[in-house]
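This briefing covers one predicted protein model with a ligand.

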Amino acid sequence: MASSISGQIAKQVGEAVKRAADERRSSWWFSRHMAAASRAVSERIPLVDLLLHVRDARIPLSSECQGLHGGRFQSKTVVVLNKMDLANSSQTKEWVKHFEMQNCHCFAVNAHNSDNIKQFLNYLQARLRELKKSDYPNFTATIMLVGIPNVGKSALANSLHKIGRISAAEKGKLKHTVVSPDPCETKDIRSLKIASRPNVYVLDTPGILPPSISDIDICSKLALTGAISDHLVGVKELAQYFLSVLNSSEEYRKWEKLLPRRNDCLVIDSPGVSTSGSHLETKKIRRHPSDHTQDFIVQDVRRTLFEEISSHQSSQDVNDSMQLIGTEMTALREAFRISLDSEEESCLRVSQKLLDLYRTGRLGHYTLDNVPDLYHAHQ
Ligand SMILES: Nc1nc2c(ncn2[C@@H]2O[C@H](COP(=O)(O)OP(=O)(O)O)[C@@H](O)[C@H]2O)c(=O)[nH]1
Ligand SMILES: [Mg+2]
C-alpha cells in the first residue's frame, strides 16, 4: 500500500504533528485533564474484572494505548479492534490472528452494528464466566474500556448498554455517554449497566495519549484517522495524505461501474404528464441509484476519483503523484458542488468533505498498519 508519495506525505504530516506536540501548541493533545485521566484509569486497572483495550481496526498497532502499565494484566485484557467496518476486512482477520498468536484475546467489532454488539456481549459474558468460575453467577463484574481518543469507547459503551438492557429486560431510563467525531470529548469515567444476573457494568473512560510520540509514522496515522485534532496538521494536508493512500490502493477500481452509461440519461416524451396539460412536455430524467442528495454526491465523488486516477499514467515519480492529487482536488469541487471564489477556501471545503467521507467509510476500506511478518519476527 505504501507508495513513495504516500510515504513522503505521511512523513510531512507526522512531522507536523510532532512539531505541534514538541512546541506544546495551543490545544495540543496532552492536557492536565488527560494526565489526571491517565492516573485515574491506571489506578482502576487492578480493580476491574475485564479490561477492554480498544483500538482502531484501521491502525491496530499505531492506536495502542501506551503508558497504562496494563501489561501485567494480560490474562484479563481483551484487545478490541473497533471500527472494523472502516478497515480492510481480510487484514482485520489477519490482525485478530496475529494478536491471538501473541496470546492476547482479541475481538473485532463495529460499535454501530447491533448484531455485532450482541455477539460481543456474549463473548464478554463467556470471558467473565471463565475468569470467575467459582463465583458464577453470584457476582457483580466491572469491565473497563481504555484506549486513545476517538477509537469508539463511548460508542461501544452506549451500544453494549442499549443491547444489554433489552436482553436483561431492564427498566428505567436509558443512560448514555457522549459520542463525538472530535477527539477528547469524554471527560470523566462513567458506568453503564450492560447485563443482569450476574450484574455487569461497563466503565467508559477518557481517551489517553502519551505526552509525546517519537514515531512520526504513528503520528501521521493518528492524525488521518482522527485520534488527534485536525488543526494540528491542517485538513488540506490530511486530505492529500488520504488521496495518496487511495491512489496507491486498488479500492477505486470498484467504482468503475459508476461511469456514466448511455442510458443513464433518458429523454422521455411524456404526453399528458404535464401539470398544465395544455402541451407536450419533454422531460429529462436522470437515473440515480437513490434519490438521497448525499448519495448523489458520494457517487459523483467516487466517479470523479475513478476517472482522475484511471486517466493518469501511473508512475513512481513524486511530482507526477502530486500533480494527480492536485487535479483530483480541483475536480472534486464540482463533485462536492462547491462554488466559492477563493481558491484557498474551496480547497479547505473539499478537504474537509473528503475527510468526512473517508472517516465514515464511504471511500473504501483501508488498513494503514501492516501485520508484522511473524516468520521474520521470530528469526
Ligand atoms: N464507522 C464507525 N464509526 C464509529 C465506530 N465506533 C465509533 N465510531 C465513531 O467514531 C467517533 C468517535 O467515537 P467515540 O465513541 O466518541 O470515541 P471515544 O473517544 O473513544 O469515546 C464518533 O463519530 C463515532 O460515531 C464504529 O465501530 N464504526
Ligand atoms: Mg469517549
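Around ligand 1 there are 22 residues, and the closest are Ala111, Gly152, Lys153, Ser154 and Ala155; a residue is near a molecule if its C-beta atom, placed from the backbone, lies within 6 Å of it. Residues are numbered from 1 along each chain as its sequence is written, while chains are lettered from A and ligands numbered from 1 in the order in which they are written. Because the model is predicted, local features need pLDDT of at least 70 and side-chain atom pairs count only at pLDDT 80 or more, whereas totals for chains, interfaces and linings use all residues.

**Ligand shell**
- Helix H5 (residues 153-168) gives the largest share of the shell around ligand 1, three residues; helices (H or I, at least four residues) and strands (E, at least two) are DSSP runs, numbered from the N terminus.
- The shell around ligand 1 has seven nonpolar, 11 polar and four charged residues, where Ala, Val, Leu, Ile, Met, Phe, Trp, Tyr, Cys and Pro count as nonpolar, Asp, Glu, Lys and Arg as charged, and the others, Gly among them, as polar.

**Sheet**
- Six strands make an open sheet of mixed pairing, in the order S3-S2-S1-S4-S6-S5; two strands pair if DSSP finds at least two bridges between them.
- Strand S3 (105-108) and strand S5 (190-195) are at the edges with a single partner strand each, so one side of each has no neighbour in the sheet.
- Strands S1 (residues 50-56) and S2 (residues 77-82) run parallel and are joined by six bridges.
- Arg55 is opposite Leu81 in S2.

**Helix contacts**
- Helix H1 (residues 4-22) and helix H6 (residues 216-225) have axes that come within 7 Å and cross at roughly 90°; axes are lines fitted to C-alpha atoms, for helices over the stretch in contact, and angles run from 0 to 180 degrees between N-to-C directions.
- That makes H1 roughly perpendicular to H6, a term for angles of 65 to 115 degrees.
- The H1 side of this contact includes Ala10, Val13 and Val17, and the H6 side includes Ile216 and Cys219; residues are in contact if their C-beta atoms, placed from the backbone, lie within 7 Å.
- The axes of helix H9 (residues 318-335) and helix H10 (residues 343-359) come within 9 Å and cross at roughly 85°.

**Confidence**
- Mean pLDDT (the predictor's confidence in each residue, from 0 to 100) is 85 for the protein, with 84% of its residues at 70 or more.
- Over residues 265-291, pLDDT stays under 50.
- Where pLDDT is low, the predicted coordinates should not be read in detail.

Methods: Angles under 35 degrees count as roughly parallel, over 145 as roughly antiparallel, 65 to 115 as roughly perpendicular and the rest as oblique. Two residues are in contact if their C-beta atoms, placed from the backbone, lie within 7 Å.
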